[in-house]
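Reader: Hi! Could you walk me through this model?
Author: Happy to, here it is.

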Amino acid sequence: MGAPHSVADLLLNLRRARRRGLFLFARVLMRWLGFDSARRLGAWLGALHYRLDGRTRRRCLQDLTVLTGREARPEEVERTLRNAYRVNTVAVLEVLNMVDRKLDASLL
């Protein structure tokens, strides 16, 4: 029998399993839907990630507000961060698709 795991170890393993599951899910979606769907799917998943990523989103909003200066209106900061989530997710899906299998040069 191995030594019992600490709560911190179990939480770390759960986070890793969740990330791995999300990676595999994205890979299956991109294989099924194809490279052409990366922008549309990435925009949708980016919006979902923005909505569900509470703690990190709030920290990024605060940091972005400081970075842009006190004159920045909250709507502008939120719009910028929403766009960053969208663009980042699209990029991840496109790279995942390119690395996962060989694509036709004309498609790229």
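Reader: Before we go on, what should I know about the source of the model?
Author: The model is predicted, so local features need pLDDT of at least 70 and side-chain atom pairs count only at pLDDT 80 or more, while totals for chains, interfaces and linings use all residues. Residues are numbered from 1 along each chain as its sequence is written, and side-chain values use heavy atoms, with hydrogens and water left out.

Reader: Thanks! Back to Ser37: buried or exposed?
Author: Ser37 is buried, because its relative accessibility is 3%. The cut-offs are under 20% relative accessible area for buried and over 50% for exposed, with partly exposed in between, using a 1.4 Å probe and protein chains only.

Reader: And what does the side chain of Ser37 reach?
Author: The backbone oxygen of Gly34, at 2.7 Å. Ser37 is also in contact with Met30 and Gly42, leaving aside neighbours within four places in sequence. Contact means heavy atoms within 4.5 Å.

Reader: Zooming out, how many helices and strands does the chain have?
Author: Four helices and zero strands, running α-α-α-α from the N terminus on. The chain has 108 residues, and 27% of them count as buried.

Reader: Which residues make up the largest nonpolar core?
Author: There are eight: Ala26, Leu29, Met30, Ala38, Leu41, Leu45, Leu93 and Leu96. Helix H1 (7-33), helix H2 (38-52) and helix H4 (74-100) each give two or more residues to this core. A nonpolar core is a set of buried Ala, Val, Leu, Ile, Met, Phe, Trp, Tyr and Cys residues joined through side-chain atoms within 4.5 Å.

Reader: What is Leu93 in contact with?
Author: Ala26, Met30, Ala38, Leu41, Gly42 and Leu45, once neighbours within four places in sequence are set aside. There is also a second, separate core of seven residues, including Tyr50, Leu64, Val77 and Tyr85.

Reader: Leu41 came up there. What does it touch?
Author: Not counting residues up to four places away in sequence, Leu41 touches Leu29, Met30, Leu33 and Leu93. Leu41 belongs to helix H2 and is buried, with a relative accessible area of 12%. Its C-alpha atom is separated by 7.5 Å from that of Val90, 49 residues apart along the chain.

Reader: New topic, helix packing. At what angle do the axes of H1 and H4 cross?
Author: At roughly 75 degrees, and the axes come within 10 Å. H1 and H4 are therefore roughly perpendicular to each other.

Reader: Which residues meet there?
Author: From H1, Phe23, Ala26, Arg27, Met30 and Arg31; from H4, Leu93, Leu96, Asn97 and Asp100.

Reader: And how do H2 and H3 cross?
Author: The axes of H2 and helix H3 (residues 54-68) cross at roughly 90 degrees and come within 6 Å. That makes H2 roughly perpendicular to H3. In this pair, Tyr50, Arg51 and Leu52 of H2 meet Gly54, Arg57 and Leu61 of H3.

Reader: How are the axes and angle classes set?
Author: Axes are lines fitted to C-alpha atoms, for helices over the stretch in contact, and angles run from 0 to 180 degrees between N-to-C directions. Under 35 degrees is roughly parallel, over 145 roughly antiparallel, 65 to 115 roughly perpendicular, and the rest oblique.

How values were computed:
A polar contact is a pair of N or O atoms within 3.5 Å; within protein, one must be able to donate a hydrogen and the other to accept it, and residues adjacent in sequence count only if both atoms are side-chain atoms.
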